[in-house]
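I opened the model today to look things up one at a time. These are my notes, in the order I went through them.

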Amino acid sequence: MSKTAQSERLHISFVGRRNVGKSSLMNKFIGQDLVIVSDMPGTTTDPVKKAMELLPFGPVVLIDTAGIDDIGELGMKRIDKTTKIISESDFALLVLDSQTKLSPEEISLVNNLNSLEIPFLIVINKSDLGINYELITALKELKYNYHSVSCSTNEGIYELKEKVSLLLPNEEDQPLVGDLIKQHDIIVLVVPIDLGAPKGRLIMPQVQTIRESLDEDAIVVVAKDKELRAALNKLNQSPKLVVTDSQAIMRVSADVPDEIPLTTFSILMARYKGDLAEYVNGIRRIEELKNGDKVLIAEACSHHAQEDDIGRVKIPRWLRLHTKKNLEIDVVNGHDYPNNLHEYKLIVHCGGCTLTRKMMQTRIKQAKYVGVPIVNYGLAISYMHGAIPRALEPFPEAIDVWNRISPTL
Ligand SMILES: Nc1nc2c(ncn2[C@@H]2O[C@H](COP(=O)(O)OP(=O)(O)OP(=O)(O)O)[C@@H](O)[C@H]2O)c(=O)[nH]1
Ligand code: SF4
Ligand SMILES: [Mg+2]
């Protein structure tokens, strides 16, 4: 059975005050009692995730959260966690208790969802107990759509699942490479197998590029950097595109004739998950760094660090060599983005292959919000190795930004 990666599934969060029935409702969606339910407010303390097929929509991840009205010091920490989950969701179910009035926390949650542009549906749970008249009036006054259910009698549950399925954002599939090639085109992928390469497999951007190229009926040639020249010589026509790992960009660009378009997996990922134009703009900051400036290197997963690790060793070394400045470089990894972003002069982010597009977009928005330029690994590497603008040439929108900033570099 083929499995959809979590990062490719839409994330739906169940949010609301404590004890309103968030966990009960999530269990109803899954069709089994996975999450603990009890009448003690504050039962759910940490987010619980479950991947499922929500028909007719398709693969999603459901996330149960702690109540937004939690109390005490620990409660505040849980609220922070819930807020983060909400900001990264593609869709939220705001669960209300049919017995109570609309609370200030719920109103501010609605405002947050609106300002984060996260589509949501209000669900009134416990309809079996009757619905508070003031709650309905308030929702109607605010012109909020709602759907009522009972997790005790199952009333409205089936209809709710159908409704959510229809309301989920049907994001136009952002192509990784599919728009750059067509049937029978040859695409050459350069995949160095060095110490940093995972054992026995290819990494996600490489696999996805192969799959999308095959979906377009293109012909995929995969070679290591050392075999690239031989591979190109054996082809009886020029490839439509060569895509390389960023770290091999210098060697590869010397081997690929100028008339053949060349880019990197990182640039494809920047366009697919991130914001290529924003990252190109972020390059400018590399040249503005001064002695003592703080740079954040952010990795979205906590993979096992290699001896000559790209994030911990190579990029810091290249940044110091390129800028000739004494930089203070912090490296963070995992799904937590630090709260002190504003202290940094530049964020260099990994490709974010384990993040959803929404999560990566949220990170970019957070950087923009505090006014810190952001660039991804691949672009920073390609720039510091002199491979920009060549690697950007297949993307007119990125070249436009480059043409604007390059006179100042
Ligand atoms: N009568 C009735 N009780 C319900 C319904 N849904 C949930 N409950 C009860 O409400 C209580 C709280 O349910 P939970 O699902 O644990 O609520 P929660 O929002 O996850 O609560 P926290 O994890 O504490 O934030 C439990 O005792 C449930 O049995 C419903 O539709 N009707
Ligand atoms: S999430 Fe980031 S650090 Fe982890 S494998 Fe993907 S690109 Fe590398
Ligand atoms: Mg719960």
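This is a predicted model: local features need pLDDT of at least 70, side-chain atom pairs count only at pLDDT 80 or more; totals for chains, interfaces and linings use all residues.

Which helix gives the largest share of the shell around ligand 1? I found that helix H1, residues 22–30, does, with 3 residues.

**Ligand 1.** I listed the shell next, and there are 23 residues around ligand 1. Gly21, Ser23, Ser24, Asp39 and Thr44 come nearest. Sorting the shell by class, I got 12 polar, 6 nonpolar and 5 charged residues.

I then looked at the loop between strand S1 (10–16) and H1, where asparagine 19 lies. Asparagine 19 has a positive phi, near 70°, and it is a residue other than glycine.

**Ligand 2.** How many residues surround ligand 2? I got 9, and the closest are Ala300, Cys301, Cys350, Gly351 and Cys353. By class, the shell around ligand 2 has 4 nonpolar, 4 polar and 1 charged residues.

**Domains.** I checked how the chain is divided: domain 1 covers 6–167, domain 2 covers 186–268 and domain 3 covers 275–408. The centres of domain 1 and domain 2, taken over C-alpha atoms, are 44 Å apart.

**H9 against H13.** Two packed helices are described by the angle between their axes and the distance between the axes, so I noted both for each pair. For helix H9 (residues 265–272) and helix H13 (residues 377–384), the axes come within 8 Å and cross at roughly 135°. Why call the pair oblique? Angles over 145 degrees would count as roughly antiparallel and 65 to 115 as roughly perpendicular, so H9 and H13 end up oblique to each other. The crossing of H9 past H13 is left-handed. On the H9 side I see Phe265, Ser266, Ile267 and Ala270 in the contact, and on the H13 side Tyr377, Gly378 and Leu379. The contact of H9 with H13 has 5 nonpolar residues, 2 polar and no charged ones.

**H6 against H9.** I stayed with H9 and turned to helix H6 (residues 204–215). H6 and H9 pack at about 80°, with axes 10 Å apart. That angle therefore makes H6 roughly perpendicular to H9. Which residues meet here? Pro205, Gln206 and Thr209 of H6 meet Phe265, Leu268 and Met269 of H9.

**H11 against H13.** For helix H11 (residues 310–323) and H13, the packing angle is about 35° and the axes are 11 Å apart. H11 passes H13 in a left-handed crossing. H11 brings Ile310, Ile315, Trp318 and His322 to the contact, and H13 brings Tyr377, Ala380, Ile381 and Met384. By class, the contact of H11 with H13 has 7 nonpolar residues, 1 polar and no charged ones.

**Cis peptide bonds.** Last, I went through the backbone for prolines. The bond from leucine 55 to proline 56 is cis, with omega near 5°. Where does proline 56 lie? I found it in the loop between strand S2 (48–54) and strand S3 (58–64). Isoleucine 388 and proline 389 are also joined by a cis peptide bond, with omega about 20°. Proline 389 sits in the loop between H13 and helix H14 (396–405).

Conventions: Residues are numbered from 1 along each chain as its sequence is written. Chains are lettered from A and ligands numbered from 1 in the order in which they are written. Domain bounds come from an automatic or database domain assignment. A residue is near a molecule or strand if its C-beta atom, placed from the backbone, lies within 6 Å of it. Helices (H or I, at least four residues) and strands (E, at least two) are DSSP runs, numbered from the N terminus. Ala, Val, Leu, Ile, Met, Phe, Trp, Tyr, Cys and Pro count as nonpolar, Asp, Glu, Lys and Arg as charged, and the others, Gly among them, as polar. Axes are lines fitted to C-alpha atoms, for helices over the stretch in contact, and angles run from 0 to 180 degrees between N-to-C directions. Angles under 35 degrees count as roughly parallel, over 145 as roughly antiparallel, 65 to 115 as roughly perpendicular and the rest as oblique. A crossing is left-handed if the near helix is turned anticlockwise from the far one by less than a right angle, and right-handed if clockwise. Two residues are in contact if their C-beta atoms, placed from the backbone, lie within 7 Å.
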